[in-house]
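Please read these notes with the model open beside you.

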Amino acid sequence: MNTNRKTIITVLSTLAIGLLLGWLIFGGSEAKVTDEHQHEHSAEEVAGETTWTCSMHPQIRQPESGDCPICGMDLIPLEEEQNSEIDPNAISMSATAMQLANIQTAVVGAAEPLKVVRLNGKVQEDERLIFSQSSHIPGRIEDLLVNFTGDYVKKGQVIASVYSPDLVTAQEELFEAQKIKGTQPQLFEASKEKLKNWKLTDEQINQVLASGTAQQTFDVMAEVSGYVTQKKVNTGDYVRRGQAIYEIADLSRVWVLFDVYESDLTWINKGDKVSYSIESLPGETFEGTIDYLDPVINPKTRVAKARVVQSNKGLKLKPEMFVSGKVEAKLPQTDALIVPKTAVMWTGERSVVYVKSESEQGVYFNMREVDLGPALGESYIVQGGIQQGEEIAVNGTFSIDAAAQLAGKPSMMSLKNAASEHAVHAMFKVGGNCEMCKDRIEEAALSVAGVISAQWDAETNDLHLNYNDGLSLDKVHHAIAQAGHDTEQEKAPDAVYEELPECCLYDRFEYRNTNKETQTSAEHVMIKVRGNCGMCKDRIEEASLSVEGVESANWDDETEMLHLNFNASKTSSEEVQKAIAAVGHDTEKYKAPDTVYEALPECCLYREN
């Protein structure tokens, strides 16, 4: 009995231990398997939610890893923005990233707007000190004692002698009147007054009376002191009474006339101090005050003259000397918001800055469009878009923008592409020489409605123009020509060209054909064309060149942009796009036929729009 009980207890104990071990082994494994399964499932869900992009082409978005369909580079996971919950358009920047990109920030503050306006001009004679020396005696010039331009004369100096038959007759009348002086003194005095009207002095008249013989020539005396700037007669010339024979200028005081462009007129006022230098007098600086500003702009040169009156002791300043000056100008506004130029990024017609913010998650930047006022040399006045006290990036803005592009956030490039979606680029030659020419050419181009940007290269004379599709380039050529600069298509009026400052007098263009109806206009445009590889490049360029009037075609497989030069009088960009679409490649305006696309080699099967 005792043996049987022991046996039963042993069996039950063994069963209990077995059940416990089985539960531990199989139950635990099942839980572990379930756990692992759930973990793997979560990982798969996370992996499935990861977006993959290309570091070179951030517009690529794919749900799985692989190669970039444009450049073939390995795709990388698109990082989750830690500040996406705060602002989905903000771009996060770690402290390390900001240090590597050399990003610097500054707080926007108000200050008194001060701008250094640079002016160019010339030394000129003071118009109030220019005199015409005339002969008061009609007759023939017997001798010129001052016979070259630039000679100095003193007041009262004999400068010429004149033979005058009329004066000889007047002397004979004086002698006859002298004989009856006792009975008719009035006649004698009238004869003397006649000689005085010809500017003969009492001393000269007394000499004539004392000699008793009529003089054949009489001296012309200088009425002012100064330098002869023009000699208007030669020995032997006949002159009328009152005819000018010299122009004499007193150079003890001169004018310095500065050219002020329309864009700078806001900053220049009568009474402003000007400091200036002259290239031929190195190391010397002169100062003066603007005492006159033209109330009317010259319609040909588009400038107003600002005048500085300068004492010219020692005659250092000579007429026609070139002068470079500067004015530290102020606006009446005293609390303007000012930002450095390095903080502003241009996107066609827009300008943006990156505003810094901080949160518990870290530092991030938001792109902000701003309205700019006048430029202040190395800074701008901001009229709207940001407020005093906000912190903005002033260095490394392009690095922030690049990070925004990679993250698929709004960036300068995305705004620029949106603004220039229908923009056309053209390039043509424009005659000019210097920085003054550059300002004048670009201002003339930008004055035409529809022109987005204009940049003229002084070395190559090439004007790079971005303008809205549909604008006629004839208007741009005409505006530039009217400002005094020859273009490939239109010659500037001679009268306008001759009014340009001397430093701007470029070599005029030669025109083989002046008939506008037969002139041609070359244009350059950039067109988005879909494709993948080198075979695509050859096919796209061959299709473009097959169109009559196309001069060159170059397709970039990385950007998918086709650079096209064509004769606008023979074809258009639309005709070229039709030809490209016909060979299987989508363009901005035309989709390739499906049958043609499907027949392309496998390496050429780009992702259709």
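1. Start with helices α3 and α5. Helix α3 (residues 165-179) packs against α5 at an angle of about 70°. Their axes are 11 Å apart. The two helices are therefore roughly perpendicular to each other. Angles of 65 to 115 degrees count as roughly perpendicular, under 35 as roughly parallel, over 145 as roughly antiparallel and the rest as oblique. Axes here are lines fitted to C-alpha atoms, for helices over the stretch in contact, and angles run from 0 to 180 degrees between N-to-C directions. The crossing of α3 and α5 is right-handed. Right-handed means that the near helix is turned clockwise from the far one by less than a right angle; anticlockwise is left-handed.

2. Before going on, note the basis. This is a predicted model, in which local features need pLDDT of at least 70, side-chain atom pairs count only at pLDDT 80 or more, and totals for chains, interfaces and linings use all residues. Residues are numbered from 1 along each chain as its sequence is written, and side-chain values use heavy atoms, with hydrogens and water left out. Helices (H or I, at least four residues) and strands (E, at least two) are DSSP runs, numbered from the N terminus.

3. Which residues of α3 and α5 meet? On α3 they are Gln171, Leu174, Phe175 and Gln178. On α5 they are Ile205, Val208 and Leu209. By class, the contact of α3 with α5 has five nonpolar, two polar and no charged residues. Contact means heavy atoms within 4.5 Å. Nonpolar covers Ala, Val, Leu, Ile, Met, Phe, Trp, Tyr, Cys and Pro; charged covers Asp, Glu, Lys and Arg; the others, Gly among them, are polar.

4. Helix α5 (residues 202-211) also packs with helix α4 (residues 185-197). Here the angle is about 125° and the axes are 10 Å apart. That makes α4 oblique to α5. α4 passes α5 in a right-handed crossing. From α4, the contact uses Phe188, Lys192, Leu195 and Lys196. From α5, it uses Asp202, Ile205 and Leu209. The class count for α4 with α5 is four nonpolar, no polar and three charged residues.

5. Next, check helix α8 (residues 435-446) and helix α9 (residues 473-482). Their axes come within 8 Å and cross at roughly 140°. α8 and α9 are therefore oblique to each other. α8 passes α9 in a right-handed crossing. Ile441, Ala444 and Ala445 of α8 touch Val476, Ala479 and Ile480 of α9. By class, this contact has six nonpolar, no polar and no charged residues.

6. How many aromatic pairs does a search of the whole structure find? Five. In one of them, the rings of Phe258 and Tyr276 have centres 5.9 Å apart and planes at 65°, so the pair is edge-to-face. Phe258 lies in strand β15 (residues 253-261) and Tyr276 in strand β16 (residues 273-278), so the pair ties together parts that are 18 residues apart in sequence. Rings of Phe, Tyr and Trp (its six-membered ring) pair if their centres lie within 6.5 Å; planes under 30 degrees apart are stacked, over 60 edge-to-face, the rest tilted.

7. Are Phe258 and Tyr276 buried or exposed? Phe258 has 0% relative accessibility, so it counts as buried. Tyr276 has 1%, so it is buried too. Buried means under 20% relative accessible area, exposed over 50%, partly exposed in between (1.4 Å probe, protein chains only). Tyr597 and Tyr606 form an edge-to-face pair, 5.0 Å centre to centre with 70° between the planes. Both Tyr597 and Tyr606 are buried. Phe258, Tyr276 and Phe286 form one aromatic cluster.

8. Two backbone points. Glu320 has phi near 80°, a positive value in a residue other than glycine. Glu320 lies in the loop between β18 (303-311) and β19 (322-330). Its relative accessible area is 40%, so Glu320 is partly exposed. Asn461 is not a glycine either, yet its phi is positive, about 65°. Asn461 is found in the loop between β28 (451-456) and β29 (462-468).

9. Last, Arg253 in strand β15. At 31% relative accessibility, Arg253 counts as partly exposed. Arg253 and Arg128 are 125 residues apart in sequence and 9.7 Å apart in space, C-alpha to C-alpha. Leaving aside neighbours within four places in sequence, Arg253 contacts Asp126, Arg128, Leu129, Val309, Gln310 and Asn312.
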